[in-house]
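I kept to one topic at a time.

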Amino acid sequence: MLSTMPAGQSDDTETATRAPAPRRPIRLLVLDDHPAVRMGLAQLLESQPDFAVRAVCINAGGAVAQAIAQQIDVAVVDYQLPGRNGLWVCRRLKQAPQPPAVVVFSAFADHHLAACCAVAQADAVLNKGMLGSELCDAIRSVARGRRLLPRIPPPLAHTLRARLAEAEQMLFGMLLAAIPREEICRVLGITEHELGARAEAMLHTLEALPGKAHAGRRPRGGLDLDRTVAAR
């Protein structure tokens, strides 16, 4: 005998099969050359129910390879590393077929580094002095497509822009303003590959501290993360 039920109503079995699948954890990579920091970060992130740390790395080259192999969603990258630094890692990851979000995590984060992060296409720059809960919230934000870079003070932006050739100054301003890279390519009539090459060349000029030769350490400086460029 066939059972009947009101139109639009389904039985429990059908409802169960249509239930949304649980959201998978955010796949993370941690890159830091300091053992204690690396271990502390990994333990903090693994303690979050919506995170899965897929790779913990100590050098730039290994991090790039692991991020691609493990299909990482978000890479948490120290800026200062032996050999290649965190911005080099960011540039390489953003050239991947499925680029992850990149959080540059540095004890020496300041607005100068933030400007360089904008050129390198990082999604966030955070100071290691911040709370672990703030780092976790930032990771969730960039995984959803937000961009957490502070607005660069105009005097510093002017100083950095003046270092560049005239042909690069407009590009620098567009990157600081978080104009989508597709739009930048359209306006300037360049390819994504050319944009990447020009941004990488600009970083060599911009990373040196204003008024000084590039030093191994950066001065500590606070970032006003309440004033962020949220466009992507």
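Which residues in helix 5 meet which residues in helix 10? Bearing in mind that this is a predicted model, I found that His112, Cys116, Val119 and Ala120 in helix 5 meet Ala199, Met202, Leu203 and Leu206 in helix 10. Sorted by class, this contact of helix 5 with helix 10 has seven nonpolar residues, one polar residue and no charged ones.

I then looked up the geometry of the pair. Helix 5 (residues 111-120) and helix 10 (residues 192-206) pack at an angle of about 165°, and their axes are 9 Å apart. Angles over 145 degrees count as roughly antiparallel, and helix 5 and helix 10 are therefore roughly antiparallel to each other. I also noted that their crossing is left-handed.

Next I turned to helix 4 (residues 86-94), which packs against helix 10 at an angle of about 180°, with the axes 11 Å apart, and this makes helix 4 roughly antiparallel to helix 10. Leu87, Trp88, Arg91 and Arg92 of helix 4 make the contact with Gly196, Glu200 and Leu203 of helix 10. I recorded three nonpolar, one polar and three charged residues for this contact of helix 4 with helix 10.

Five strands form an open sheet in the order 2-1-3-4-5, with parallel pairing. Strand 2 (51-57) and strand 5 (124-127) stand at the edges with a single partner strand each, so one side of each has no neighbour in the sheet. Strand 1 (residues 26-31) pairs with strand 3 (residues 74-78) over four bridges, and I found Ala75 in strand 3 to be the bridge partner of Leu29.

Note on methods:
Residues are numbered from 1 along each chain as its sequence is written. This is a predicted model: local features need pLDDT of at least 70, side-chain atom pairs count only at pLDDT 80 or more; totals for chains, interfaces and linings use all residues. Side-chain values use heavy atoms; hydrogens and water are left out. Axes are lines fitted to C-alpha atoms, for helices over the stretch in contact, and angles run from 0 to 180 degrees between N-to-C directions. Helices (H or I, at least four residues) and strands (E, at least two) are DSSP runs, numbered from the N terminus. Angles under 35 degrees count as roughly parallel, over 145 as roughly antiparallel, 65 to 115 as roughly perpendicular and the rest as oblique. A crossing is left-handed if the near helix is turned anticlockwise from the far one by less than a right angle, and right-handed if clockwise. Contact means heavy atoms within 4.5 Å. Ala, Val, Leu, Ile, Met, Phe, Trp, Tyr, Cys and Pro count as nonpolar, Asp, Glu, Lys and Arg as charged, and the others, Gly among them, as polar. Two strands pair if DSSP finds at least two bridges between them.
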